[in-house]
Amino acid sequence: MLLEKTAQAEINIANCKKGIRLLDSAEKKYAKDSLAIAYINLYRHNYYLSLEQLDKALHCSNIAYAFFKEHRQYAKDEYITVLTDLSYLYAVLGDNQKAINYIKEAEYVVAKLPAGQQIDSNLFLLANKVYYNYAYILSLDKEYQKSRYFLFKILQLPIPVQQNRNAIFKSTSYKIADLYEKTGQVDSALFYIAKSKNYSLANEKMDDGVKQMMNDNLEMAYLRLQSKISRRQHQLDSAIFFAEKSFARLKHEGWLIENNDIATQLALDYAQQGNLEKANQYYQHAKRYFFIETATNYENKEKVITDLLDFAVRAKKDKDIAPLATAYQQFLKENYNKQKAIAIKNAEIRYQVKAQDDKIEKLALANKLKSNLIKQRTLVLSAVFLFVIAGIFFYYYQLRLKEKYVAIDLEERLRLAQMSPHFISNSLSAIQRQIYDGETKLAVAYLNKYAVLNRLILENSRNKFIDLSDELDILQKYIELQQLRVADKFDYQFNLSDEVKAMAEEIKIPNMLLQPLIENAIEHAFKPIAYKGLLILKMTLEQRCLSCEIIDNGIGLQHKAQQAAKKSFSIQIIKERLALLNRQQQVKSSFEMIPHSDGQPGLTVKLIIPFITAYD
C-alpha cells in the first residue's frame with residue numbers, strides 16, 4: 001500500500017511538470033493576448049501549488065489577479081477563483097492578514113452574485129470553495145467559532161441537482177464536528193458525527209472507487225475523533241476502543257507512519273488503565289516507526305516523541321530514555337533550523353511579490369502621467385503641478401513600502417531571536433542530566449514545560465499582536481524553565497497594577513518584545529554574581545500605552561567597555577521595532593536602560609509600548 005502511494009505521488013509530480021511545460025509553450029504562442037496569459041497563469045498556479053513551489057504559484061496568481069480585477073465586471077467567476085487562490089497561498093506563507101483580506105473580497109463578490117431558490121452549478125462550486133477556504137484560514141488562528149459559521153453557510157447553500165449533495169454534507173458535517181471537539185463541546189461534536197454518518201453516498205454520481213475512498217477516509221476520521229471525545233469525557237475504555245479500531249484501519253491502509261501518534265496515545269492509555277503488556281506492545285510499535293520515518297506534520301512529530309519519552313520514564317525503560325532524549329534534541333534542532341529557513345524564505349517571497357506589484361504600479365503611474373502630459377500640453381503650469389504632486393505621492397509611497405519591508409525584516413529577526421539554539425541545547429542538556437541523575441519526575445516536569453513553551457511560541461509567532469495574558473503566560477513558563485536550568489540562581493516577581501490585571505485578556509501588545517530582554521537579564525546580569533538574583537517585571541497603564549519595567553539586581557552597567565563589546569543583537573532590533581511603531585501608531589513608545597542610583601546593584605529596563613484592545 002505504501003509503495004502504491006509513493007508511485008501515485010511520482011505520477012502526480014510528472015503530470016504537473018508536463019502541464020507546466022504545455023502552458024509555457026502556450027504562453028509563448030499567445031504572448032500578446034492578455035486574456036490568454038491571464039488564464040494560463042490561473043491554471044499554472046495549480047500545478048506550482050501541487051509541486052509546493054509557492055513563490056512561482058504566487059507570481060502566477062498575481063498576474064491573473066491584475067487582469068481579472070480590472071475586468072471583474074465581465075469575469076466574476078475567474079476573479080473569485082484567483083482571490084480564493086491568493087488567500088490560501090498567503091495563509092500557507094503565514095501572512096494571515098493578507099489571506100483574510102483576499103477571502104473577504106471573494107466572499108463579498110459571491111454574496112453579490114444573483115441567486116434564487118436554486119443556483120447554478122458553477123456559482124455553487126465557487127461559493128463552496130470560498131466558504132471552505134474562509135473556514136480553513138480562521139481555524140489557523142484558532143477562531144473555531146467563526147470557522148464553523150462559514151461551514152454552516154455551506155450547509156445552507158441551495159445545492160443544484162447535478163451536484164453530489166450528500167458527499168458535500170457528509171464531509172462538511174464532519175469538519176464541523178472536528179471544530180466542536182477542539183473547543184470541548186462534545187455533545188455538538190457527537191451530534192454532527194452522527195449527522196455526517198447518516199448521509200449515504202450510494203446514489204451519488206461518483207466513481208465507485210472515489211466513493212469507497214471517501215467512505216474509508218471518513219470512517220478513519222470518525223474513529224480518531226470519537227476517541228478524542230471519549231478521552232475528553234474521561235471514558236478511557238471507550239477512547240481505547242475507538243483508537244484501536246482506527247489503528248487497525250490505518251495499519252491495513254499503510255498509513256501508520258503519518259499517524260504514529262495513535263500508537264503512542266494507546267500506549268499511554270493502556271498504561272493508565274494498568275495493562276502494561278498492551279501498553280508496551282504499542283510503545284514498541286511507535287518507537288520502531290519513529291526511528292524509521294515520522295510524519296511531516298510538526299505537531300504530530302512532537303506529540304509522538306514526547307509521548308514516547310513520557311512512557312519510557314514512567315515505565316522505567318532506562319535503556320530507551322537516553323536515545324529518545326537525544327532523538328528529541330535532534331528533532332528540535334532540525335525543526336528550529338527548518339522554521340528559520342521557512343520564515344526567511346516566506347519573507348523573501350512576500351517581499352519579491354511586493355516588489356513586482358510595486359513595479360507594475362510604478363509603470364501604471366508613469367503611463368498615466370505621460371498620457372496626462374500629452375493631453376494637457378498647452379497647460380504647462382497644470383502639467384508641472386500634476387508632476388510635482390505625483391512625485392511627492394511617489395516619494396511617500398516609497399517610504400511606506402520601505403517601512404513595511406523593515407517591519408517584515410524586524411519581525412523575522414525577532415522571531416528567530418526569541419528562542420535561540422543556545423537555550424534549546426541547554427534545556428535539553430538539563431533534561432538529560434536529570435534523567436541520568438535518576439530525577440525522572442523532575443525531568444518529566446521540565447520536559448512538559450518545555451514542550452508547552454515551545455508550542456506557545458510557535459502558535460503566537462505568526463501574529464503581530466498578542467494578548468497580554470498569553471504574553472505573561474509565555475514569560476512565566478520561560479522564566480521557570482530558566483530557574484530549573486540554573487538551579488534556582490534567581491527568584492522572580494510579576495508586579496501588575498490592578499488595572500493591568502483587569503484588562504489582561506483585552507489588551508494586545510506587539511509580539512516578541514519582552515522575552516529577549518528577560519533572557520538578557522538572566523544570561524548577562526545574573527551569570528557573574530555570587531548572591532541570589534531577583535528579577536521583577538512591573539506593569540502599569542499610561543493612557544493608550546503599557547509601561548513595562550524589567551528590574552534586576554545583577555551586575556548593572558559598571559563596565560561600559562564590556563557593555564559596548566557585548567552589544568545585544570535583540571536590544572538593537574527592539575529599538576528599531578519601537579521606532580517603527582512610533583511612526584505607524586503615532587503613539588510615543590520608548591526604550592531606556594536605567595542604572596540604579598541608590599547604591600544598589602542592578603539595572604532597570606523601561607519600555608513604553610502602544611497597545612490595542614480586542615474591540616479596536
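How many of the 17 residues of α4 are buried? The answer is 13, so α4 is largely enclosed by the rest of the structure. The views below come from a predicted model.

**Figure 1. The whole chain, for orientation.** The chain holds 23 helices and eight strands. Of its 616 residues, 47% count as buried. Among contacts with a separation of 6 or more, 69% join residues 24 or more positions apart.

Figure 2. Helix α4 covers residues 76-92. From first C-alpha to last it reaches 25 Å, close to the 24 Å expected for its 17 residues at 1.5 Å a residue. Glycine 94 follows α4, and its phi is positive, near 90 degrees.

**Figure 3. Helix α4 against helix α6.** Two packed helices are described by the angle between their axes and the distance between the axes. Helix α6 spans residues 121-140. It packs on α4 at an angle of about 20 degrees, and the axes are 10 Å apart. The two helices are therefore roughly parallel to each other. The crossing of α4 past α6 is left-handed. On the α4 side, the contact uses Asp77, Ile80, Thr81, Thr84, Asp85, Ser87, Tyr88 and Ala91. They meet Asn122, Leu126, Lys129, Val130, Asn133, Tyr136, Ile137 and Leu140 of α6. By class, eight residues of this contact are nonpolar, five are polar and three are charged.

**Figure 4. Helix α7 and its cover.** Helix α7 has 12 residues, 144-155. It reaches 17 Å between its first and last C-alpha, close to the expected 16 Å. Its buried residues are Tyr144, Ser147, Arg148, Phe150, Leu151, Lys153, Ile154 and Leu155. What covers them includes α5 (96-112), α6 and α8 (165-182).

**Figure 5. Helix α19 beside helix α21.** Helix α19 runs over residues 468-485, and helix α21 over residues 515-525. They pack at an angle of about 20 degrees, with axes 11 Å apart. That makes α19 roughly parallel to α21. Here the crossing is right-handed. From α19, the contact takes in Glu471, Leu475, Tyr478, Ile479, Gln482 and Arg485. From α21 come Gln515, Ile518, Glu519, Ile522 and Glu523. The residues of this contact divide into five nonpolar, two polar and four charged.

**Figure 6. Tyrosine 446, a buried residue in helix α18.** Tyrosine 446 sits in helix α18, residues 440-460. Its relative accessibility is 0%, so tyrosine 446 counts as buried. Leucine 481 is 35 residues away along the chain, yet the two C-alpha atoms are separated by 6.9 Å. Beyond its neighbours within four places in sequence, tyrosine 446 is in contact with Ser427, Ala430, Ile431, Gln434, Leu481, Leu484 and Arg485.

**Figure 7. Two loop residues with positive phi.** Most residues other than glycine have a negative phi. Glutamate 52 has a positive phi, near 60 degrees. It lies in the loop between α2 (34-50) and α3 (54-70). With 66% relative accessibility, glutamate 52 counts as exposed. Histidine 234 also has a positive phi near 60 degrees. Its loop lies between α10 (208-232) and α11 (236-253). Histidine 234 counts as exposed, at 74% relative accessibility.

Key. Residues numbered from 1 in each chain as written. Predicted model: local features only at pLDDT ≥ 70, side-chain atom pairs only at ≥ 80, totals over all residues. Heavy atoms only, no water. Axes fitted to C-alpha atoms, helices over the stretch in contact; angles between N-to-C directions. Helix = DSSP H or I, 4+ residues; strand = E, 2+ residues; numbered from the N terminus. Parallel < 35°, antiparallel > 145°, perpendicular 65-115°, else oblique. Left-handed = near helix turned anticlockwise from the far one by under 90°. Contact = heavy atoms within 4.5 Å. Nonpolar A, V, L, I, M, F, W, Y, C, P; charged D, E, K, R; others polar. Expected span 1.5 Å × (residues − 1). Buried < 20%, exposed > 50% of the residue type's maximum accessible area, 1.4 Å probe, protein only.
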